[in-house]
Amino acid sequence: MTRRITIVQGHPDPAGQHLLHAMADAYADAATAAGHQMRRIEVAKLEFPLLRTQEDFETGALPPGLEQSREDMRWAEHWVFLFPLWHGTMPALLKGFLEHTFRPGFAMEYRKGGFPKRLLAGRSARIIVTMGMPVLLYRWYFGAYGVRSFERSMLGFAGIKPIRESFYGLSFADEKKRSRWIDEMRDYGRQAC
């Protein structure tokens, strides 16, 4: 079964020469070769202001530079988010992008006197994170708090499930290990998971 997939490359460096970019390329190439439809968002290349008020979040206009990205996300059945871990969570640029994208009307619909309606049910996601610390330390000591927050308060709140995660610790990674990670991305891309 073919799927519609949107990759959200959340590395804030627009140069595009990081491991995460190679991982996104591997995923996209394998998914396309397997017959899946692909779209890609490079957050570092987008221009948008940060949200500053609740009113802007709830009723403000989406910046014109984000309209196509939001359409690419709405189109997709499966999302792949890639980002480096910075201070325990995603970089601020990616967070700012997601705050704009996940506004009412896209991610949820407010209802008087009740829990918001989840508008993204039926979609799935994979979160791919690189970090400078050992993965076990982030998972067990820190509880993966930055990624858990993203999963629960954005993706899960909007109805997305299942949500899968893949963590990669760069501190002790040699070229052989990085090559295995690229192969793993190809497997995920072929399976659209």
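## Structure report

Leaving aside residues up to four places away in sequence, Thr130 touches Leu19, Leu20, Met23, Phe83, Pro84, Leu85, Tyr168 and Leu170, where a contact means heavy atoms within 4.5 Å. The model is a predicted one, in which local features need pLDDT of at least 70 and side-chain atom pairs count only at pLDDT 80 or more, whereas totals for chains, interfaces and linings use all residues. Residues are numbered from 1 along each chain as its sequence is written, and side-chain values use heavy atoms, with hydrogens and water left out.

**Overall architecture**

The chain has seven helices and seven strands; helices (H or I, at least four residues) and strands (E, at least two) are DSSP runs that are numbered from the N terminus. Along the sequence these elements follow the order β-α-β-α-α-β-α-β-β-β-α-α-β-α. The chain is as compact as a globular protein of its length, because its radius of gyration of 17 Å is close to the 16 Å that the globule rule gives for 193 residues; the radius is taken over C-alpha atoms, and the rule is 2.2 Å times the number of residues to the power 0.38. Taken along the principal axes, the C-alpha atoms fill a box of roughly 55 × 40 × 30 Å.

Among contacts between residues at least 6 apart in sequence, 77% join residues at least 24 apart. The side chains include 27 positive and 21 negative ones, and the centres of the two sets lie 6 Å apart; Lys and Arg count as positive and Asp and Glu as negative, while His and the chain ends are not counted. Each charge is placed at NZ of Lys, CZ of Arg, CG of Asp or CD of Glu.

**Burial and selected residues**

Of the 193 residues, 49% count as buried, a term that means under 20% relative accessible area, with exposed meaning over 50% and partly exposed in between (1.4 Å probe, protein chains only).

| Residue | Relative accessibility | Class |
|---|---|---|
| Thr130 | 6% | buried |
| Met185 | 0% | buried |
| His87 | 80% | exposed |
| Ala192 | 1% | buried |

Thr130 belongs to strand 6 (residues 124-131), and Met185 to helix 7 (residues 175-191). With residues up to four places away in sequence not counted, Met185 touches Met23, Ala26, Tyr27, Ile128 and Tyr168. Met185 and Val43 are 142 residues apart in sequence, and their C-alpha atoms are 20 Å apart in space.

**Helices 4 and 6**

In helix 4 (residues 92-101), the buried residues are Leu94, Gly96, Phe97, Leu98, His100 and Thr101. These residues pack against strand 1 (4-9), strand 2 (37-42), helix 3 (67-75), strand 3 (78-84) and helix 6 (145-156). In helix 6, the buried residues are Gly146, Val147, Phe150, Glu151, Met154, Leu155 and Gly156, and their cover includes strand 3, helix 4, strand 5 (117-118), strand 6, helix 5 (135-141) and strand 7 (163-169).

**Aromatic pairs**

Rings of Phe, Tyr and Trp (its six-membered ring) pair if their centres lie within 6.5 Å, and planes under 30 degrees apart count as stacked, over 60 as edge-to-face and the rest as tilted. By this rule there are twelve aromatic pairs. Phe83 and Phe150 form an edge-to-face pair, because their ring centres are 6.3 Å apart and their planes stand at 75°. This pair links distant parts of the chain, with Phe83 in strand 3 and Phe150 in helix 6, 67 residues apart, and both Phe83 and Phe150 are buried. The rings of Phe102 and Phe106 have centres 6.0 Å apart and planes at 75°, so this pair is edge-to-face; Phe102 and Phe106 are both buried. One aromatic cluster is formed by Trp79, Phe81, Phe83, Phe102, Phe106 and Phe150.

**Backbone features**

Lys161 and Pro162 are joined by a cis peptide bond with omega of about 0°, and Pro162 is in the loop between helix 6 and strand 7. Two residues other than glycine have a positive phi: His87, with a value near 50°, and Ala192, with a value near 55°. His87 is in the loop between strand 3 and helix 4, whereas Ala192 is in the segment after helix 7.
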